[in-house]
Amino acid sequence: MLPAEADLQLLFARLNYEFFSGEAPGCRIRYNARFSNSAGRISYTGQPMLIELSSKQLGRRPDALQETLLHEMIHAWCYARFKEMGHGARFKRKLRECGLSSIYHDLGNAPPLRESTKRYILRCEHCGLEALRRSRPSKPSSCARCNKRRFDPRFPLTVYEIVEMQAVGTTLERTAARKGRD
Ligand SMILES: [Zn+2]
Ligand SMILES: [Zn+2]
């Protein structure tokens, strides 16, 4: 059973006292049944900020409520103090201080998070050729257009890593979409 919405403020106050010395900014907290791609999210734009908890996800895992709220409170705290959104260094430091280990909390019996489609773009800075790879090339490679015959160190391929974080199944967080939500 999830606590009543009114009780969420009590939980907020307790966590605020315990982990933020009372310095987390007051937030509006409510359940929202309409999203389920993450367990919680925060909108920075409102005054106060709005924390929404997915009743769909947390209804299945009420034990994850506290850490979900705590996660969003860290976002609120980072934003109030440093105007920082997302999962930057400060966020992560505070997260560890609060005893949470990962920005993607493992919900136990939930399917494991697939850090999903990590992919690589190999780009020739000389001619602009780009190729998409699923894995990072294990040995040096050079542009096949600039030199069709053999490896040529004059035309190295730069490796760009693309990390598309996708919440697959039940996770606590989805990549900040930079729309004022985390
Ligand atoms: Zn090239
Ligand atoms: Zn987050």
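Predicted model: local features only at pLDDT ≥ 70, side-chain atom pairs only at ≥ 80, totals over all residues.
User: How do they divide into nonpolar, polar and charged?
Analyst: The contact of α1 with α3 has nine nonpolar residues, one polar and no charged.

User: And is the crossing of α1 and α3 left-handed or right-handed?
Analyst: The crossing of α1 and α3 is right-handed.

User: Turning to α4, how do the axes of α3 and α4 cross?
Analyst: Helix α4 covers residues 89–97, and its axis comes within 10 Å of that of α3, with a crossing angle of roughly 130°. At that angle, α3 counts as oblique to α4. The crossing of α3 and α4 is right-handed.

User: Which residues of α3 and α4 meet there?
Analyst: I74, W77, C78 and F82 of α3 meet R90, F91, K94 and L95 of α4. By class, the contact of α3 with α4 comprises six nonpolar residues, two charged and no polar.

User: What does α3 lie across?
Analyst: Helix α3, residues 65–82, lies across β1, β2 and β3 and runs at about 160° to β3.

User: In what order do those strands stand in their sheet?
Analyst: The sheet is open, with three strands in the order β1-β3-β2 and mixed pairing. β1 (27–32) and β2 (40–43) are at the edges with a single partner strand each, so one side of each has no neighbour in the sheet. On average, neighbouring strands of this sheet are turned by 20° against each other, direction ignored.

User: How many bridges does β3 form with β1, and how many with β2?
Analyst: β3, residues 49–54, is joined to β1 by six bridges, and the two run parallel. Within β3, S54 is the bridge partner of N32. β2 and β3 are joined by four bridges and run antiparallel. On that side, G40 stands opposite L53 in β3. β2 and β3 also form a hairpin, with five residues between them.

User: How many residues of β3 are buried?
Analyst: Five of the six residues of β3 are buried, which leaves the strand mostly covered.

User: A change of topic: where is C143, and why does C143 count as buried?
Analyst: C143 is in the loop between β5 (130–133) and β6 (157–163). C143 counts as buried because 22 C-beta neighbours lie inside 10 Å, and the cut-off is 20 or more.

User: What does C143 touch?
Analyst: Leaving aside residues up to four places away in sequence, C143 touches C124, H126, C127, L129, F155 and L157. One of these, C124, is 19 residues from C143 in sequence, with a C-alpha to C-alpha distance of 5.9 Å.

User: Finally, how many helices and strands does the protein chain have, and what pattern do they follow?
Analyst: The protein chain has four helices and six strands, in the pattern α-β-β-β-α-α-α-β-β-β along the sequence. Of its 182 residues, 25% are buried. Among contacts between residues at least 6 apart in sequence, 53% join residues at least 24 apart.

Key: Residues numbered from 1 in each chain as written. Chains lettered and ligands numbered in written order. Pairing = 2+ DSSP bridges. Axes fitted to C-alpha atoms, helices over the stretch in contact; angles between N-to-C directions. Contact = placed C-beta atoms within 7 Å. Buried ≥ 20, exposed ≤ 12 C-beta atoms within 10 Å, placed from the backbone. Parallel < 35°, antiparallel > 145°, perpendicular 65-115°, else oblique. Left-handed = near helix turned anticlockwise from the far one by under 90°. Nonpolar A, V, L, I, M, F, W, Y, C, P; charged D, E, K, R; others polar.
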